[in-house]
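Thanks for asking me to look this one over.

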Amino acid sequence: MKEFERRFHRLVQRTINASFNGVVAVDRDGISFRINRERSLSGEAFETLAVLLADIAILLESSVDSTCHPGLLIHDSPREADLYIGLYERLLEVAFSMMQDEQGNTPFQYIITTTTRPSEALQSRDVTKLTLSSGSGSLFRKQLERSEEHTSELQSPCNLVCR
């Protein structure tokens with residue numbers, strides 16, 4: 001747990017700066033991730049950033065032999081509007097840099113859907129593998145949305161019915 005907290009703390013400091021701390025708290029209600037500087041910081045930006053960095057810390061944890069994790073992280077539109085663009089870009093750059101091993105290989109897969117283009121540093125084909133848009137450029141060449149006719153077939157918004 002201490003090593004995991006150090007990893008989260010390191011991610012927070014590399015993303016924001018060294019005056020911020022990443023704190024992992026475990027209690028009977030579960031596990032929580034906070035960003036603080038002298039005291040816990042509130043607000044949507046810090047809460048969103050804490051969740052995103054916690055996910056990345058968990059992904060990095062998959063490199064530990066005793067951890068059972070597929071090495072895959074998917075963020076579907078992670079509310080980048082809650083973060084200012086510089087911080088959002090820094091988050092993605094830090095995530096990518098932390099995922100590379102000493103040989104430059106990336107043993108993890110991080111898929112992110114976003115309405116914001118990645119920074120110049122991340123637009124290379126080695127990093128950004130696929131850019132999709134609406135219409136013929138979208139996934140499966142279709143807008144994936146529920147029609148009224150098929151709404152009753154869907155049990156939750158996470159289910160998808162393809163025909």
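**Notes on the predicted model**

1. Let's begin with the overall layout. The protein chain has three helices and five strands, and reading along the sequence gives the pattern α-β-β-β-α-β-α-β. Please keep in mind that this is a predicted model.

2. A word on confidence. The mean pLDDT of the protein chain is 76, with 72% of its residues at 70 or more. Over residues 150–163, however, the pLDDT is below 50, and beyond near neighbours in sequence this stretch has nine contacts in the model.

3. Now some totals for the chain. Of the 163 residues, 29% are buried. Among contacts with a separation of 6 or more, 51% are between residues 24 or more positions apart. The exposed surface comes to about 11100 Å², and carbon and sulfur atoms supply 50% of that area.

4. Which residues of H1 are buried? They are Phe4, Glu5, Arg7, Phe8, Leu11, Val12 and Thr15. These residues cover an arc of only 160° around the axis, so they sit on the same side of H1.

5. What do the buried residues of H1 pack against? Their partners are strand S1 (21–27), strand S2 (30–37), helix H2 (44–61) and helix H3 (85–99).

6. The aromatic side chains deserve a look too, as the structure holds three aromatic pairs. In one of them, the ring centres of Phe4 and Phe33 are 6.0 Å apart and the planes meet at 75°, so the pair is edge-to-face. This pair links distant parts of the chain, with Phe4 in helix H1 and Phe33 in strand S2, 29 residues apart. Phe4 is buried, at a relative accessible area of 10%. Phe4, Phe8 and Phe33 form one aromatic cluster.

7. Phe20 and Phe46 make another aromatic pair, this one stacked, at 6.0 Å centre to centre with 25° between the planes. Phe20 lies in the loop between H1 and S1 and Phe46 in helix H2, so the pair ties together parts that are 26 residues apart in sequence. Phe20 is buried, with a relative accessible area of 6%, whereas Phe46 is partly exposed, at 25%.

Notes. Residues numbered from 1 in each chain as written. Predicted model: local features only at pLDDT ≥ 70, side-chain atom pairs only at ≥ 80, totals over all residues. Heavy atoms only, no water. Buried < 20%, exposed > 50% of the residue type's maximum accessible area, 1.4 Å probe, protein only. Helix = DSSP H or I, 4+ residues; strand = E, 2+ residues; numbered from the N terminus. Arc of directions from axis to C-beta. Contact = heavy atoms within 4.5 Å. Phe/Tyr/Trp six-rings, centres within 6.5 Å; stacked < 30°, edge-to-face > 60°. pLDDT = per-residue confidence, 0-100. Areas by Shrake-Rupley, 256 points an atom, 1.4 Å probe, with all protein chains shown as cover.
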